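Visitor: I am new here. Could you please show me around?

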Amino acid sequence: MARYVLRRLLTAIPTLFLIVTLSFFLLRVAPGGPFSQEHGLSPEVKANLERVYQLDAPLWRQYLNYLVGLLHGDFGPSYNLPDFTVADLFRVGLPVSMQLGASALVLALIIGSILGILAALRQNRGVDYGVVALATAGSTIPTFVIAPLYQLVFALTLAWVPVAGWGGGALVNKIGPVLTLALPQIAIVARLMRGAMIEALRANHIRTARALGLSSFSVVVKHALRGAVLPIISYAGPAAAALLTGSVVVETVFAIPGVGRYFVDAALNRDYTLVMGTVVVIAVFVIVFNLLVDLAYALVDPRVRYE
Amino acid sequence: MEATLSSDHPFSDHPSSDNAPLLELNDLRVGFDTPDGEVQAVRGIRLALHARETLAVVGESGSGKSQTMMAAMGLLAKNGRASGSVRYRGREILGLKAAALNEVRGAKIGMIFQEPMTSLDPLYTIGNQIAEPLTRHLRLSGRAARQRAVELLTLVGIPDPARRLEAYPHELSGGQRQRVMIAMALAAEPDVLIADEPTTALDVTVQAQIIDLLRTLQQRFGMGIVFITHDLGLARHFADRVAVMRHGLVVEEGPASEVLTTPKAEYTRMLLAAEPTGTKAPPPADAPIVLEARRLNVTFRIGGGLLAGPPLVIHAVNNVSVTLREGQTIGIVGESGSGKSTLGRALIRLIEAQGDIRLFGEPANALDTQSLRALRRQVQIVFQDPFGSLSPRMTVGEIITEGLRVHAPHLDRRARERLAVQALEDVSLDPGLRNRYPHEFSGGQRQRIAIARAVILKPRVLVLDEPTSALDRSVQKDIVELLRRLQGEHGLSYLFISHDLSVVRALSDWIMVMRAGQVVEAGPTDEVFRAPAAAYTRELIAAAFGLSDTPVAPAAPDLPRGVALG
């Protein structure tokens with residue numbers, strides 16, 4: 001098992017290298033540059049800026065410089081937020097996004113699973129129809145509708161929570177963003193869990209467990225649920241990578257100082273280093289969570305073995 | 001199960017007298033809600049099971065024999081409903097809530113199922129699963145349950161039981177899994193065991209071992225066994241009493257010796273007569289050779305790769321030679337994994353093989369796709385699964401004529417129609433049904449469609465890969481008759497692949513017995529059956545035709561009385 005993990009981590013290195021290389025050159029293919037949008041920038045000033053940031057060097061030189069920096073943990077300076085390095089931005093913003101994302105994920109897994117199991121056990125009855133309706137609504141109503149509605153009702157009308165802002169990480173400030181992030185996930189997890197559970201309860205070995213006179217709890221939780229969590233695990237990996245790296249809409253609507261906004265802002269502003277930093281961070285999250293998914297699979301299903 | 005055991009049988013101290021039945025079904029009815037309305041699966045039946053008795057419930061698919069017992073155990077599907085009465089030792093158990101039912105189910109009445117491969121939870125060890133009923137019904141501690149699990153595995157003949165406790169189901173063979181199922185069902189020492197086709201999915205030699213095991217266990221513990229089966233031969237050898245079911249009703253019930261020798265009901269007589277009979281005369285010695293293979297080899301590679309090391313090589317067919325003459329039927333018999341289907345597919349080049357294959361005198365392994373296609377018209381195949389091998393989205397007419405579009409593209413629509421009508425008449429199906437879809441036909445009818453699809457091309461060789469295995473005996477017999485007639489009318493040569501010795505004996509004039517990719521014995525059918533030369537052939541024949549004569553399974557060791565259960 002340890003050897004398997006080591007091998008997976010080693011194969012992640014060429015993957016990351018490929019991602020970095022591809023994104024680096026793709027970015028440069030896009031028209032414009034970090035300083036081309038600022039009006040009134042005289043050619044001299046622009047040239048100066050480009051010299052400072054070594055953007056006037058040949059492309060291969062810039063690429064090598066970036067790689068060398070990356071190997072030393074240096075993501076470079078941000079071009080549009082000139083007082084900060086990319087590493088600084090992530091050091092401050094990433095914990096915020098991760099906190100919200102992790103809370104939303106945990107919430108979604110717990111609530112979604114419970115709803116899904118209840119629906120499966122009461123298939124084609126009231127509870128089931130309710131869950132299915134909720135799941136459909138949850139995954140069709142966009143975040144940018146839910147978030148303002150939440151603000152309208154709970155902040156402006158009832159005044160229970162602040163409209164927006166991070167508030168130094170106070171709980172009341174987190175409720176809105178976490179719920180908004182979690183709602184579509186709850187819907188997806190509930191739907192996945194319902195299907196997986198219905199499937200699992202039909203298995204022949206469930207009939208065996210019932211014929212042995214085992215308790216309903218044992219039949220449902222021990223024998224059906226364990227098999228049914230496999231599709232949830234598969235989903236949770238990529239979902240975690242997406243949630244923990246922040247959401248543009250939620251962080252913008254609730255004015256959260258996370259990293260979700262950087263991806264879009266940086267791309268629009270041709271903030272090369274910040275885009276690259278975001279790409280690397282997301283890639284690492286995806287790689288790590290996919291590995292965790294595979295390890296969790298082996299933990300749940302003895303037929304899956306890694307050498 | 002004879003009177004010799006009555007003096008010390010373990011349940012003699014139970015309050016109920018010996019004459020009172022253990023399990024009693026009265027006016028049991030089972031219905032299923034379907035989109036087409038309610039379907040009556042069981043329509044009011046009455047059955048009784050006594051201690052130390054084996055009651056065989058015999059019937060064809062759809063007779064309601066399984067649903068009867070599923071209803072008794074509260075295991076009906078969600079859309080199923082049962083009414084009437086099911087009494088265990090006089091106590092009504094039909095309609096009990098799960099918690100109350102579970103005091104009987106698994107504790108007093110054990111059940112084993114047809115599908116050993118899927119009836120165990122793949123995610124837990126054998127030990128864990130056997131311990132569950134022990135801790136639940138006998139309130140054993142974890143350690144005591146483990147100890148008892150070892151004893152149970154020993155009892156059902158699993159070698160090295162202490163280590164096997166840590167094994168997962170996928171690490172065991174089908175026969176071993178069925179033994180584990182039996183161990184679980186018997187864990188809480190029930191006095192009724194319901195066995196629903198427990199050996200149908202197993203090879204014949206394994207089937208014989210499982211039956212012997214059940215018989216041994218019954219003699220030791222005096223259980224009553226309800227044995228659900230479609231196999232009259234098994235019922236004859238194993239049961240004391242037989243109930244024959246049809247369309248949800250018991251048509252005849254009585255002692256096995258009477259019901260299965262001098263049946264009163266017309267249906268029972270028909271079932272008994274449905275065992276395939278007849279023999280096949282060999283073709284003339286100078287009949288031309290249509291298919292010939294010399295030293296054929298098929299190997300499969302599993303796994304392997306840059307990092308995983310060398311692949312596992314499986315020799316599925318090992319140096320096999322075959323000569324098929326015009327009008328001949330060669331029966332290829334063997335158990336699962338013997339390579340018989342692989343051989344059949346390799347011979348008509350559906351899979352790649354090493355060795356010489358000649359079709360109608362032409363070397364077939366050197367042929368390019370184009371010439372191979374021309375030859376294929378004359379070599380057709382019929383598969384085992386009548387449900388999976390017909391496209392559900394094509395009408396029967398389209399399915400049958402699809403081959404013509406490839407092999408006789410010059411024919412127009414009307415000509416194809418005409419041939420389709422002819423082919424359907426050939427296999428005794430109403431040609432008026434050709435615009436329907438496969439799901440509207442029964443298993444036997446579908447197999448006729450599959451045969452029609454093959455014969456419409458006027459082939460000379462037909463490979464029949466277990467064509468009757470998924471069918472009821474009475475339907476099987478019709479298909480055997482059909483194949484016989486087609487062979488006579490069209491001068492066909494058959495390669496008949498089957499694990500069912502009685503069908504092979506009735507249809508083929510030459511037999512090849514395969515095991516682990518090799519031919520262990522080959523010869524004229526009557527000679528092989530009269531005087532089998534190989535020990536394995538003798539074992540197969542004994543298992544298939546003489547269950548009662550086989551010795552008690554050597555795999556079930558005699559335990560000291562103190563270790564035994566009950």
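Guide: Gladly! Helices (H or I, at least four residues) and strands (E, at least two) are DSSP runs, numbered from the N terminus. This is a predicted model, where local features need pLDDT of at least 70, side-chain atom pairs count only at pLDDT 80 or more, and totals for chains, interfaces and linings use all residues. Residues are numbered from 1 along each chain as its sequence is written, chains are lettered from A and ligands numbered from 1 in the order in which they are written, and side-chain values use heavy atoms, with hydrogens and water left out.

Visitor: Where is Asn124(A) placed?

Guide: Asn124(A) is not a glycine, yet its phi is positive, about 60 degrees. Its place is the chain A loop between α4 (86-121) and α5 (126-140).

Visitor: Does Asn124(A) count as buried or partly exposed?

Guide: Buried means under 20% relative accessible area, exposed over 50%, and partly exposed in between (1.4 Å probe, protein chains only). Asn124(A) has 48% relative accessibility, so it counts as partly exposed.

Visitor: And does Arg349(B) count as buried or exposed?

Guide: Arg349(B) lies in the chain B loop between α11 (340-347) and β14 (354-359). Although not a glycine, Arg349(B) has a positive phi of about 60 degrees. Its relative accessibility is 14%, so Arg349(B) counts as buried.

Visitor: How far apart are the end C-alpha atoms of helix α14 of chain B?

Guide: The expected span of a helix is 1.5 Å times one less than its number of residues. Helix α14 (residues 413-426) of chain B has 14 residues and should therefore span 20 Å. In agreement, its end C-alpha atoms are apart by 20 Å.
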